[in-house]
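Trainee: I'd like to go through this one and ask where the labels come from. Can we take it term by term?

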Amino acid sequence: MKNLKFILILAISIMAISCGNDDDGGPAEPTLTPALLEGTYNLNFSVSEEVIEEVVTGGTATTTITKVGDTFGSSNIVFNANGTFTRSYQYRVETTTQFDNNETTDSQIITESNSGSYSVNDDDQTIIMDGKTGDVTVFNNSQLRIEFTDVDVEGNRTTTTNEELRFTRQ
């Protein structure tokens, strides 16, 4: 009987230790697949920054162009499970350009409608749309956030562009 109690206590102890708390406390993010991405998402945030550095006589000339979107209205993107999407955006963008301590600001309405294909990679948490690879920083039942980064070098000129788009699922 003592051996049975000892074995029972040992078994319970081993189960308690092996079932340690490895839960981070938050809900698990869904897997990034076309089937789970399928749906309509409303654009609600758009910010991009383009930094142009050009080597000139005596140093480097830097121009920074920041674009902040607002007034998104009915801007949305529809992802289909077959790897296609349809995008329809109309929103206002305020563009601020800084060069050599001078700053200019301009506003314009962006209207864009197109369709294309996309692919996702759950391991890397990336999406490829229009040939551009973006990092999916948030993907759950209500939100989608994508960050795109591009570096283009042409001669003495380097252009680095960072863009973040945020969507809510309908």
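Predicted model: local features only at pLDDT ≥ 70, side-chain atom pairs only at ≥ 80, totals over all residues.

Trainee: What volume does the largest pocket have, and which residues are closest to its centre?

Mentor: The largest pocket comes out at about 470 Å³. Its lining has 27 residues, and Tyr 91, Glu 112, Lys 132, Glu 163 and Leu 165 are the closest to the centre.

Trainee: Which strand gives the largest share of the lining of that pocket?

Mentor: That's S1, with five residues. Strands that supply at least two lining residues each include S1, S2 (59-70), S5 (102-121) and S9. By class, the lining has 14 nonpolar, eight charged and five polar residues.

Trainee: Why is Asn 76 called buried?

Mentor: Buried means under 20% relative accessible area. Asn 76 has 17%, so Asn 76 counts as buried. You'll find Asn 76 in strand S3.

Trainee: What does Asn 76 touch, leaving out residues up to four places away in sequence?

Mentor: Thr 40, Tyr 41, Asn 42 and Leu 43 are on the list, and so are Thr 86, Arg 87, Ser 88 and Tyr 89.

Trainee: What makes a set of residues a nonpolar core?

Mentor: The members must be buried, come from a list of residue types such as Leu, Ile, Phe and Tyr, and be joined through side-chain atoms within 4.5 Å. The largest core here has 21 residues, and those touching the most other members are Leu 37, Tyr 41, Ile 77, Phe 79, Ile 127, Leu 144 and Phe 167. Strand S4 (84-99) is among the strands that supply at least two residues each, and S4 gives the largest share, four residues.

Trainee: What is Leu 37 in contact with, beyond its neighbours within four places in sequence?

Mentor: Phe 79, Tyr 118, Val 120, Ile 127, Phe 139, Leu 144 and Arg 169.

Trainee: How do you know that S5 and S6 pair?

Mentor: Pairing takes at least two bridges. S5 and S6 have four, in the antiparallel sense, so they pass that cut-off. Ser 119 stands opposite Ile 128 in S6. Their hairpin has four residues between the strands, and Gln 125 takes a positive phi near 55°.

Trainee: And what joins S6 to S7?

Mentor: Four bridges, with the strands running antiparallel, so these two also count as a pair. Ile 127 stands opposite Gly 134 in S7. This hairpin has two residues between the strands, and Asp 130 takes a positive phi near 55°.

Conventions
Residues numbered from 1 in each chain as written. Heavy atoms only, no water. Buried < 20%, exposed > 50% of the residue type's maximum accessible area, 1.4 Å probe, protein only. Contact = heavy atoms within 4.5 Å. 1 Å grid on protein atoms, 1.4 Å probe; cavity = no way out; pocket = protein on both sides within 12 Å on 5 of 7 lines; lining within 4 Å. Points joined across faces, edges and corners; volume = space filled by probe spheres on them. Nonpolar A, V, L, I, M, F, W, Y, C, P; charged D, E, K, R; others polar.
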